[in-house]
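The sequence and the structure come next.

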Amino acid sequence: MASLYCSLSFSSNLFKLSYSVLLLVGLVSAQLSSDYYDSTCPNALSIIKSGVDSAVANEARMGASLLRLHFHDCFVNASLGCDASILLDDTANFTGEKTAAPNANSVRGFDVVDTIKSSLESSCPGVVSCADLLAVAARDSVVALGGPSWTVQLGRRDSTTASLSDANSDIPAPTLSLSGLISAFSNKGLSAQEMVALSGSHTIGQARCTSFRARIYNETNIDSTFAASLQADCPSAGGDNNLSPLDTQSPTTFNTDYYSNLLNLEGLLHSDQQLYNGGSTDSQVTTYSNDADTFFTDFANAMIKMGNLSPLTGSDGQIRTNCRSVN
């Protein structure tokens with residue numbers, strides 16, 4: 001993009017184009033659309049939905065796993081956004097993101113993605129990107145578990161590389177403070193309000209003992225009975241991969257129980273409870289706990305915004321035939 005700015009700069013101030021104008025052009029050229037596959041692969045959305053519904057019916061937890069894949073994809077490398085880099089296996093040229101600390105022994109659902117992608121390739125070869133597949137699958141997973149729907153903008157293309165270091169540095173850690181969370185999301189162009197809404201995805205899914213051990217043994221802003229109940233499956237040493245629901249009330253239903261849990265000091269992760277800990281986001285957590293419609297609306301809007309951040313479009317990237325490897 002820097003070379004574009006240079007090539008469009010003329011010696012006379014009269015003909016110089018400002019950075020803001022060029023940025024606007026870039027945003028317009030990268031615009032996605034909801035009807036992107038209407039003529040090239042009209043069954044794309046129904047194929048993805050069918051695959052997601054089947055996977056979630058087989059294992060409800062898979063809905064959370066597919067949603068998390070999209071989130072961890074979008075959060076790595078702000079300049080590329082949701083580009084399916086998380087799906088790439090390691091190669092001789094780069095180490096992918098699957099073994100990054102936030103992903104190792106944690107992210108899952110790759111086989112489901114492979115199955116859906118195979119169906120898409122059978123129907124319309126080389127048309128639907130893996131990045132779009134993840135974005136739609138995330139929406140369909142939320143819907144399958146009782147959450148809101150939203151219109152997914154389409155037309156993303158897939159990256160040809162991945163970054164272990166970016167995955168390690170960009171994905172928010174469960175140990176972050178409130179200010180750390182706000183900063184991590186702000187770095188991706190997302191507000192504190194959108195951060196709290198997106199955190200509501202923890203109304204589904206599970207976490208490993210290693211990610212919440214310190215909280216249940218060392219922290220004081222936690223209900224003592226809740227902490228004791230978790231210690232049975234998460235010992236002070238060992239059992240790192242033992243799982244507990246992020247929302248113990250309704251772990252496979254997308255609702256507002258996550259926020260109600262925070263009011264009761266029953267946030268599983270340190271970063272969860274930071275949203276309701278005497279800080280600037282307390283009132284928003286309280287609102288969401290009592291108002292599912294507001295939460296659903298805010299969550300859907302935040303998902304749209306996150307999914308639209310700096311996508312690869314046009315001739316950038318590629319449409320992978322196999323989501324695990326570049327063409």
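## Helix α5

The exposed residues D111, T115 and S122 sit on the face of α5 turned away from its buried side. Exposed means over 50% relative accessible area, buried under 20%, and partly exposed in between, with a 1.4 Å probe and protein chains only. Helices are DSSP runs of H or I with at least four residues, numbered from the N terminus.

The model is predicted: local features need pLDDT of at least 70, side-chain atom pairs count only at pLDDT 80 or more, and totals for chains, interfaces and linings use all residues. Residues are numbered from 1 along each chain as its sequence is written, and side-chain values use heavy atoms, with hydrogens and water left out.

The buried residues of α5 are F110, V112, V113, I116, K117, L120 and E121. Seen down the axis of α5, they fall within an arc of 165°, so they line one face of the helix. The arc is taken from the directions from the helix axis to the C-beta atoms. These buried residues pack against α3, α4 and α6, where contact means heavy atoms within 4.5 Å.

## Helix α3

In α3, the residues A44, I47, I48, G51, V52, A55 and V56 are buried. Down the axis of α3 they fall within an arc of 155°, so they too line one face of the helix. They pack against α4 (61-74), α5 (110-123) and α6 (130-144).

Key:
Helix = DSSP H or I, 4+ residues; strand = E, 2+ residues; numbered from the N terminus.
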